[in-house]
Amino acid sequence: MITGQQESPGMSRLPKEFADRLANPFVRFLRIESAGGAMLLFFTVAALILSNSPWAGSFEHAWETQVGLQVGSIEFARSLREWINDGLMTLFFFVVALELKRELVLGELSKPRMAALSIVAALGGMIVPAAIYLALQSGQPGQHGWGTVMATDTAFVIGCLALLGSRIPQSLRVFMLSLAIVDDIGAILVVAIGYSSDIAWWPLVMAALGLLVIRAITLLGFRSFPLYFLVGVCIWFAVDASGIHATITGVMLGLMTPARRWVSDQRLYAILGQVIAHPASSEGSGVTKDRQTLQMAEIAARETLSPVERLEIALHPWVGFVIMPLFAFANAGMSLTLSELESLLTVAVFLGFVLGKPIGILFFCWLAIRLHIATRPPELSWRLLAGGSLLAGIGFTMALFIANMAFDNSLIDSAKLGIFFASVFSAVAGLALLMWIPERVKTP
């Protein structure tokens, strides 16, 4: 015990740092998404400039570079773009699933009727755009691309909301983030069901066994992330070999991640109460009772956060500032030629987002509230919902993700053009409506 020193009141607490302002997981998620949206915009513009420059051929060729392993006659290789789309995007969907799990168990969506509003709105925002697209593309070469207009770009939407500051209430940010997350989960299910090749069942059986292994080691109390990562990689290869798009692995593993912490606050305080200062005369660094107590306190402090929270904190910056901008840089390039504006496919994609998203979201919200399936926060007016539903038409990165699987080379540029113009229009229209709303609501 240390004596003879006067402790200031602040000594019993951790030092205050700027990073402490990001402690709230939801606020932290919003801030990373907002900043990530700016990064995403920068690399999107860079890809568009390069793909319409004299270096367009070299830029495209770089993404087609084959990268992989070869052992004897067995070769496992993909283009650099495919590794980004299939491999790195798995981490994106893993983080999306982590955030959904955290919100459903611990956060804003833990109340069923509050969660229902975002979930039902996301369903409407997927079904109606797809229906409009199919109505315009029935019997046309682009008919198979219906999944393209179902996705909402989380980073760009949250980035647009960040521009509005105190003009909008926090409830709209919660609603839009939840909607976009559910939308992303829906998008990867669409990919798995609608855009996977012939299914091989034995690899799927191996993937299912891998998931059982994950569940078993969780029940047995293993908390080593590298072990889970190793099993997760094996599951990814099994799903990939089955013909189902491997990114769904990220969703499954994210939803299986425990959201409950191992050490309670009460136990943590009890352990910290045992921590004592090392005697001044102690020598060496051997195993002592004091050192064991400090190590136990370190583990206890770490384990007061659930695995969902710890993984999200660790991975979300990498996804927001590296993976998503890299994905946009690899996939957003297209030739901006006026001839493509006459394409019916471009029009179908544009109207699917611009009309389908707001109509689907607002109608399904109204229906869910009318049937008493969901509740609407009092401060979340229908005008705010209308502005948010327009912003949901920003499909960009997720739409590009699906479009790359749905369209061949003869149609992909037309689809990209529709995605690009729909995203720009939706952003401008949504921001204009939300800025026009007269009442200013101060966010906490």
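Guide: A helix here is a DSSP run of H or I with at least four residues, a strand is a run of E with at least two, and both are numbered from the N terminus. By that count the chain has 16 helices and two strands. His-372 sits in the loop between H13 and helix H14 (382–391).

Visitor: What kind of model is this, and what rules apply to it?

Guide: The model is predicted: local features need pLDDT of at least 70, side-chain atom pairs count only at pLDDT 80 or more, and totals for chains, interfaces and linings use all residues. Residues are numbered from 1 along each chain as its sequence is written, and side-chain values use heavy atoms, with hydrogens and water left out.

Visitor: How do you know how confident the predictor is?

Guide: From pLDDT, the predictor's confidence in each residue, from 0 to 100. Its mean over the chain is 80, and 78% of the residues reach 70 or more. Over residues 1–12 pLDDT stays under 50, and the model has one contact there beyond four places in sequence (a contact means heavy atoms within 4.5 Å). Residues 14–23 also stay under 50, with four such contacts.

Visitor: Why is His-372 called exposed?

Guide: Exposed means over 50% relative accessible area, buried means under 20%, and partly exposed lies in between (1.4 Å probe, protein chains only). His-372 has 61% relative accessibility, so the residue counts as exposed.

Visitor: What is the phi of His-372?

Guide: Phi is near 60 degrees in His-372, a positive value in a residue other than glycine. Most residues other than glycine have a negative phi.

Visitor: Why is Ala-415 called buried?

Guide: Its relative accessible area is 0%, so Ala-415 falls on the buried side of the cut-off. Ala-415 is part of helix H16 (residues 412–436). Apart from neighbours within four places in sequence, Ala-415 is in contact with Leu-345, Val-349 and Phe-407. The C-alpha atoms of Ala-415 and Gly-142 are 8.8 Å apart, although 273 residues separate the two along the chain.

Visitor: What makes the pair Asp-86 and Arg-78 a salt bridge?

Guide: A salt bridge needs a side-chain nitrogen of Lys or Arg within 4 Å of a carboxyl oxygen of Asp or Glu. The N to O distance between Arg-78 and Asp-86 is 2.5 Å, so the pair qualifies. Both Asp-86 and Arg-78 are buried. The structure holds seven salt bridges.

Visitor: How do you know that Arg-102 and Glu-312 form a salt bridge?

Guide: Their closest N and O atoms are 3.7 Å apart, so the pair meets the cut-off. This pair links distant parts of the chain, 210 residues apart: Arg-102 is in helix H3 (residues 80–105) and Glu-312 in helix H12 (residues 307–331). Arg-102 is buried because its relative accessibility is 5%, and Glu-312 is buried at 4%.

Visitor: What makes Asp-183 and Lys-357 a salt bridge?

Guide: The closest N and O atoms of Asp-183 and Lys-357 are 2.8 Å apart, so they count as well. Asp-183 lies in helix H6 (residues 170–194) and Lys-357 in helix H13 (residues 344–370), so the pair ties together parts 174 residues apart in sequence. Asp-183 is buried at 0% relative accessibility, and Lys-357 is buried with a relative accessible area of 0%. In another part of the list, shared partners join Glu-60, Glu-64 and Arg-81 into one network of salt bridges.

Visitor: Which residues touch the most other members of the largest nonpolar core?

Guide: A nonpolar core is a set of buried Ala, Val, Leu, Ile, Met, Phe, Trp, Tyr and Cys residues joined through side-chain atoms within 4.5 Å. The largest has 112 residues, and Met-89, Leu-161, Leu-172, Phe-175, Phe-401, Phe-407 and Leu-434 touch the most other members. H6 supplies the largest share, 13 residues. Beyond four places in sequence, Phe-175 touches Leu-117, Ser-118, Ala-121, Ile-361, Cys-365, Leu-380 and Leu-385. Over the chain of 444 residues, 48% are buried.

Visitor: How much space lies in the largest pocket, and what lines it?

Guide: On a 1 Å grid over the protein atoms alone, a pocket is an open set of points where a 1.4 Å probe fits, with protein on both sides within 12 Å along at least five of seven lines; lining residues have an atom within 4 Å of a point. The volume is the space filled by probe spheres set on the points, which are joined across faces, edges and corners. For the largest pocket this is about 990 Å³. Of its 35 lining residues, Phe-94, Phe-225, Tyr-228, Phe-229 and Leu-311 are the closest to the centre. H8 gives the most to this lining, eight residues.
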